[in-house]
Structures are given as C-alpha cells and as structure tokens.
Amino acid sequence: MSARSGLLLLIDDEEKILKTLGRALREAGHDVVATADIVQARGVLRDRAVDILLVDHLMPEMSGIDFIRDYLATTPAEERAQVLMMTAHATVSNAIEAMKLGAFDYLQKPFEIDELLLIVDRALELQRLRTDRRYLLSERDERFDSYGIVGDSAAIRKIMREAEIVAGTKSTVLIMGETGTGKELVARAIHARSAQRDRPLIKVNCAAIPETLLESELFGHVRGAFTGASSTKKGKFSLANGSTILLDEIGMMAPLLQSKLLRVLQEREVEPLGSHRTERVDVRVIAATNRDLRQLVDQGVFQEDLFYRLHVIPLAIPPLRDRREDIPLLVDHFVQKHAQRVGRRIEGVHEGVLRLLTQWDWPGNVRELENVLERAVVLAEGATIREPDVSLGRPAAAATGQLPSLKLRANVEWVERETMRRALESARGVKKDAAEIMGISQRALSYYLAKYTDD
Ligand SMILES: Nc1ncnc2c1ncn2[C@@H]1O[C@H](COP(=O)(O)OP(=O)(O)OP(=O)(O)O)[C@@H](O)[C@H]1O
Ligand SMILES: [Mg+2]
C-alpha cells in the first residue's frame, strides 16, 4: 500500500510492540531498526540517514519526550528525521509538547497498523520533499503565477515556495492572514498543484453557517436525524473524499464542533448525524483563518489539540502594508484584468496615483486594492488612471467594522453615481450592458438606480 519506503528507527521498551510494529513496517517495505536501548538508538541516528523516528512516550532510561527534546536540540534541521510519538490517552499533553518542539505527528494508543502506515507514508513524503527542497528552490520560477498569485516580495516568494512544496503532500495546511490577503487563492493554488487536482476543492465557511447546521454540513446526516431532515445528505467531508477540503474561518468554529472535527482528523472517519455507521475518508485538509489561533487557544476558545492537528504546515500571509513592494505589480495586474473585462484600453496608472496606492495602509488588503482599481478602470476618462478616478476608504471601513467618515462616505457615493452614469452612457442606456461594464448584477444596478435617481 505504501508508495514510499524509508529507514525507520523504532524505540520502545516493550519487546512485543517492537516485534509487532517492526514486522508490520517491514512488510510494508520499510527498513526498520527496532530497539529498546537508548544508547544504540543514538548510535543509529548518528551513523545512518534515518527518515523517521518513532518513539514511545515511556522508555526505561528516559521518557520519550526527553529523548525527542534532546534529539531535536542537537540535530540541525536539515539532517533531522521526522519524529512521530506514540502515546497513551493520559499523556496526550506530552505528545502536544513534542509537536510544539517540531515532531511531525503523534499516534494515540491503541492505534491500527493502517493508521501508522498512513502517517509514516505522509512523514516520508514530507521528508523526501525536504530533501528535494534545494532542487525545487532552483526550479521554481513563474509556475505558480498561472494560478493568479501575483507578488515578488520575499514573503510572497516564500509562501509560493512552501505552497508548491506542500502541494505534493497530503499534509494539513493552516493558512493565516488578515482579510483579503489571498488565503483562499493560496488554498486553491495548493489544490490545483496537488495529485487531487482533477477533483473539486470543497469549501466550507465555518463562520457563515449556524452552529447547528454546520455539523450536518460537515459530516452529513441521515433521514430523520433532526426535525427537518427529510432526506439523507452527504457531508462536505464525504464529498471531499479523495480531494481537498477548505475549512474557511476555522477560528469561528464552536467548541463542541471543534472536538468533533478533532476526532475526524485523528481517526480519518466521519459519522453522519443520526447514523451509527462511520465512513472512512481520505481528505487533505486546508484550514484558513484571519484570527490569531494561538491567542484563541490562550483565551480558551480554541482547542489546543485541534490547533496542533491543524498547525502541521503553517503558511502566514503578511498584510499588504507589510509588503508594499508587491503593490505596483498588483496594480498592473488588476488594471489589465479589469480593463480587459470591460473592454477598455488602459495603459496604467499615473505616477501620483501609484504613490498614493503604495502609501495607503490597505486594511482590506489585496481585495481592497482590487476593488479600488476595478472602479478606477471604469471611471478613467483617458488611457491612464488619474487621482480623481481613485477613491480610497470604503473597503477599509468594511474590514475594520468602523463606519467611514462622512467625507469618505460622500466620496464613495459620488464614485458610485459616477460609475453608474458613465457605464449607462457607454452602454447607451442598456441596463444589462451597463451592469456588465460595472461588473455587478442587474439587480444591483437597479438598486443603485433607485438609490440615486431621486436625489
Ligand atoms: N497575491 C495576489 N495576487 C493576485 N490576486 C490576489 C492576491 N492576493 C489576493 N488576491 C485577490 O484578492 C481577493 C481576495 O483574496 P482571497 O479571497 O483569497 O482572500 P482571503 O484571505 O481568503 O480573504 P477573507 O479572509 O476575507 O476570506 C481575491 O479576488 C484574490 O484573487
Ligand atoms: Mg477567504
């Protein structure tokens, strides 16, 4: 079953476990050294290129966590094996500490051999990718750009590189960043480069769905499971079987559901509401959040265990104001994109405008920048976007939840009215075409018409 094989070092004080696990791993094609002797284990780690270190939490001479701490502290990151810890239920906190130190994952006893093989396979995949990293770094050029990620800052390059590396794995990815920084875009890019790219990415917005419905949305339900459940419905996890699930705004998930999600991630099986049968699912999980999950953990509103389950490969996208060198590239990109969409020829933005855009703080990040440019493209009278075409402030207010100042609001209204007037003009009064030029629905256009015609 295992696609990869590697050298595993298994350390446990129980002869029986060493034997059984050793046999199972060898049958799966791995090379295994199994020992209860710490000194021997250290010798193997020193002399051979061990891919995976599988450690029991209890050992005769020293505890597993101490061994792991010592190993990670004394071995340079590029030379390390992936560390897996085996633990009993009562000592999960040890395992969490191991993950904080840099272990790859943990297995809670009792576990199935299949689960072990699966985790070993994932760890080997990551290990192999790490070895290939240098090669990948030199190979990477513009490939990711085809998925629409624009930017040349060190931060964006790093994210593209990491995204590309994890695309080849099934590891859980946690994407963090303020609103509008491109979390979904990065999630889609990862899926699009993964082996599962032919299947759709399944997205669930954990904040938009009421808690009571979210559980059935995620895990499904059978007929009669609750009032109104008139038919059996598959959950998003089942739909994502063999593909990727994007759990958006994971920080907003209610505590009870967090526990259920944790169990699904640990056991890789779901139990639809009202059903007593579980269903195995093979799903790559990408979680996204604009909240600081660590802080939520500290505040006690986000489960620590779940955090570490999700925090396997963290990707943090910095706010746009911390990578202003990306702004000119993004400006070009969006101006061309929207000019093309509305069928206009626009060469670019006036120098003063670029200065303005590079200085703005962009609380709504890239989304805000795109909105501003989309309007500007429609408003521009000539082939260059000038200052009066640009209005800053509205998405900023939306992002921070504050009301815009009166002056800004007046500005926005002026822009809306102007945009509409010009769109109608170039569409010679045909509303359908005007709506298209503005990139909004006909219904939205009617709304604006009603809003502005009587004043
Ligand atoms: N680096 C980028 N290059 C090109 N387009 C980008 C980039 N970053 C974001 N965008 C665009 O900005 C918009 C917002 O991005 P996205 O929806 O991925 O943000 P998000 O982080 O998921 O936001 P939210 O937290 O509000 O859900 C999208 O239209 C996306 O295509
Ligand atoms: Mg999003």
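Me: How many C-beta neighbours does Ile346 have inside 10 Å, and is Ile346 buried or exposed?
Reply: Ile346 has 20 C-beta neighbours inside 10 Å, so it counts as buried. A residue is buried if 20 or more other C-beta atoms lie within 10 Å of its own, exposed if 12 or fewer, and partly exposed in between, with C-beta atoms placed from the backbone. This is a predicted model, in which local features need pLDDT of at least 70 and side-chain atom pairs count only at pLDDT 80 or more, while totals for chains, interfaces and linings use all residues. Residues are numbered from 1 along each chain as its sequence is written, and chains are lettered from A and ligands numbered from 1 in the order in which they are written.

Me: Where does Ile346 lie, and which residues is it in contact with?
Reply: Ile346 lies in the loop between α13 (327-342) and β15 (348-349). Helices (H or I, at least four residues) and strands (E, at least two) are DSSP runs, numbered from the N terminus. Beyond its neighbours within four places in sequence, Ile346 is in contact with Val335, Ala339, Val377, Ala380, Ala383 and Ile385. Contact requires that the C-beta atoms of two residues, placed from the backbone, lie within 7 Å.

Me: Now ligand 1. How many residues surround it, and which are the closest?
Reply: Ligand 1 is surrounded by 16 residues, the closest being Val150, Gly182, Lys183, Glu184 and Val366. Two or more residues of this shell come from each of α7 (183-192) and α15 (365-379). A residue is near a molecule if its C-beta atom, placed from the backbone, lies within 6 Å of it.

Me: Why does ligand 1 lie between domain 2 and domain 3?
Reply: Domain 2 (140-318) and domain 3 (321-453) both give residues to its shell, so ligand 1 lies between them. The domain bounds come from an automatic or database domain assignment.

Me: Which residues of α7 are buried, and what do they pack against?
Reply: The buried residues of α7 are Lys183, Val186, Ala187, Ala189, Ile190 and His191. They pack against α6 (154-167), β6 (173-176), β10 (244-248), β13 (284-289) and β14 (313-316).

Me: Which way do the residues of β6 point?
Reply: Val173 and Ile175 point one way from β6, Leu174 and Met176 point the other way, and all are buried. In a regular strand the side chains alternate between the two faces of the sheet.

Me: How many bridges join β6 to β13, and how many to β14?
Reply: β6 pairs with β13 in the parallel sense over 4 bridges, and 4 bridges also join β6 to β14, again parallel. Strands pair if DSSP finds at least two bridges between them. Leu174 has Ala287 as its bridge partner in β13, and Met176 stands opposite Ala316 in β14.

Me: Changing topic: where is the cis peptide bond?
Reply: The cis bond joins Lys109 and Pro110, with omega about -5°. Pro110 has its place in the loop between β5 (105-108) and α5 (113-139).

Me: What is the phi of Glu249, and what is that of Asn365?
Reply: Glu249 has a positive phi of about 55° although it is not a glycine, and phi of Asn365 is near 55°, also positive. Most residues other than glycine have a negative phi, and most peptide bonds are trans.

Me: Are Glu249 and Asn365 buried or partly exposed?
Reply: Glu249, in the loop between β10 and α10 (255-267), counts as partly exposed because it has 19 C-beta neighbours inside 10 Å. Asn365 lies in helix α15 and counts as buried, with 25 such neighbours.
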